[in-house]
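Hi,

Here is the structure I promised to pass on. Have a look at it first, and then read on for what turned up.

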Amino acid sequence: MAEEAKKLPPKNLFELIMQWPLKRKLSFAGVGLVSLLLFALIILSARTGDYRLLYSNLDSTDAAAVVTWLKDNRIPYRLQNEGRSIYLPANQVYEARLEMAGAGIPQGGGVGFELFDKQSFGMTDFAQKVNYQRALQGELARTIANLSLVEGARVHLALPERRLFREQQQEATASVILQLVPGRSPSDGQVQGIVHLVASSIEGLDPKNVTVIDSTGRVLSKRPGDGIEGPMTPGMLDYQSRVERSLEERAQSLLDRALGIGNSLVRITAQLDFSQVERTEEIFDPSRTAVRSEQVMEERSGQQAAGGVPGVESNLEGPAFALGGGIPSSRNEETTNFEISKSISRTIGSVGGIRNLSVAVLVGDRPAAPGSEGPAFVPRNNNELLSIENMVIGALGLDRNRGDQIQIVSMPFENGLADFPGVESSPLDRFWQFWPLIKYALLAIAAALVYFLLVRPLVRTLKTEAKAVEHYKTVEELESEMSQTGMLPGPRDPMAQIRNEVLAGKATPAQVIKTWLKES
């Protein structure tokens, strides 16, 4: 009876596992643990990958408003970067962003003109002015923060009250603080664009009264007079770089046409004269005179003797008629002033003129003739180098008397360096690029491992043990058992007895047929 009890099939899976040997139990536990860990890792990574960035670099006010809105709408979220970055499930990012934009969230680091959407009748004029200044600062900060190289901005305005007299009116000023994207620095043109944007938005604000600084306190804006005034914009170094680049392109285009693209390289160093000279000259020429003024004066004095008319009066003696007049005299004076010719010239020297140029030309060696022994490239001869030198001198207008220098060297080019990219992507970047596909592949491998290492061996074990305990009873055994239990009081028809057992569920027709086949 004990042997028959052992051969009976287990009632549940737990009893079946308890009947396994220790080796099989340990392997089953190991496979189950590995499968469980693998599934947990895939599920956690899948949940992490489904979250995408909603907003980044938010200040505390905007972050609090966004989180409150997400809680009210029961949307799951995650916070990173000390609460300044908010992540949402990937299928809800765009819808949530549009709905929050319609609700005016986030406000962009400050209030704007929406501050006047709700008016209070009891607000004073001073409070209205303060709110207007706050709204103006917020709108300017939002506009500046939309630039690609700016993560955040703050604007401070100092708007004095209007005075009756112009002499008493103070000038408006503005200060802009920029939080730049890491690794990027604005150019002078971009800074001037921000300055003119702020100055054009405020009435009566002069661009020279706008100061722009970055988050480190470095002043980015330049006031008039801070640098050297001249034709170079935005500075001497930029102007010099443009001059050198223009000359290099002029010479390089000529060499590429003559030698082929990639067979030459030109580098030019230009020394420019940024000094501003003003000269005034006055030149006198004594050989060339001109009459400036001329004065002529003529003077006469005295009278001639007069004898009178013949008659009584002329014969009378007396003092009045004794002399007819004195001795006449005359004086002439002429003054002429001459002006020496004078020429005045005023010369202002140009700023940014070229003092001298230093030109270096690297020319690739000529390929060797086909079939010749020796190196694949041979240096160019002196005649070719001299022709190239004369061509570059003519193209750039070099002047030896000015101190210009040119050097031409023929060397083989290392073209193999161009095969390597400047920035190579790391294997980790490539791994994250294919991570979605890897995730599904790992999931398929885990399912295959569970099937081949857990499910399939378990099914085989159940089938094997079911066959081992399977026992089909003969008719004699059934009759003896029924007679012992009192179910069979006397001799009965075997077919009727088998039919009763089948109807009672103690045996199946298949078992009966198999028993008959074995007995036969």
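What share of the 520 residues of the chain count as buried? The figure is 22%. Keep in mind that this is a predicted model.

Some overall numbers to get you oriented: the chain has 15 helices and 13 strands. If you take the contacts between residues at least 6 apart in sequence, 65% of them join residues at least 24 apart.

Start with Arg 380, in the loop between strand E12 (377–378) and helix H10 (382–396). Is Arg 380 buried or exposed? Arg 380 counts as buried, because its relative accessibility is 12% and the cut-off for buried is under 20%. Its side chain reaches the backbone oxygen of Gly 364 at 2.8 Å. Leaving aside neighbours within four places in sequence, Arg 380 also touches Leu 259, Val 363, Asp 365, Arg 366, Leu 385 and Ser 410, with Gly 364 again among its contacts.

Then go to Phe 452, which sits in helix H12 (residues 435–469). With 46% relative accessibility, Phe 452 counts as partly exposed, since that label covers values between 20% and 50%. Phe 452 belongs to a nonpolar patch on the surface, together with Leu 442, Ile 445, Leu 449, Tyr 451, Leu 453, Val 455 and Val 459. Together, the residues of this patch have about 680 Å² of accessible area.

Cheers

Notes
Residues numbered from 1 in each chain as written. Predicted model: local features only at pLDDT ≥ 70, side-chain atom pairs only at ≥ 80, totals over all residues. Heavy atoms only, no water. Patch = residues over 30% accessible without salt bridge, like charges linked within 9 Å, V, L, I, M, F, W, Y side chains within 5 Å. Areas by Shrake-Rupley, 256 points an atom, 1.4 Å probe, with all protein chains shown as cover. Salt bridge = Lys/Arg side-chain N within 4 Å of Asp/Glu carboxyl O. Helix = DSSP H or I, 4+ residues; strand = E, 2+ residues; numbered from the N terminus. Buried < 20%, exposed > 50% of the residue type's maximum accessible area, 1.4 Å probe, protein only. Polar contact = N/O pair within 3.5 Å; in protein donor to acceptor, adjacent residues only side chain to side chain. Contact = heavy atoms within 4.5 Å.
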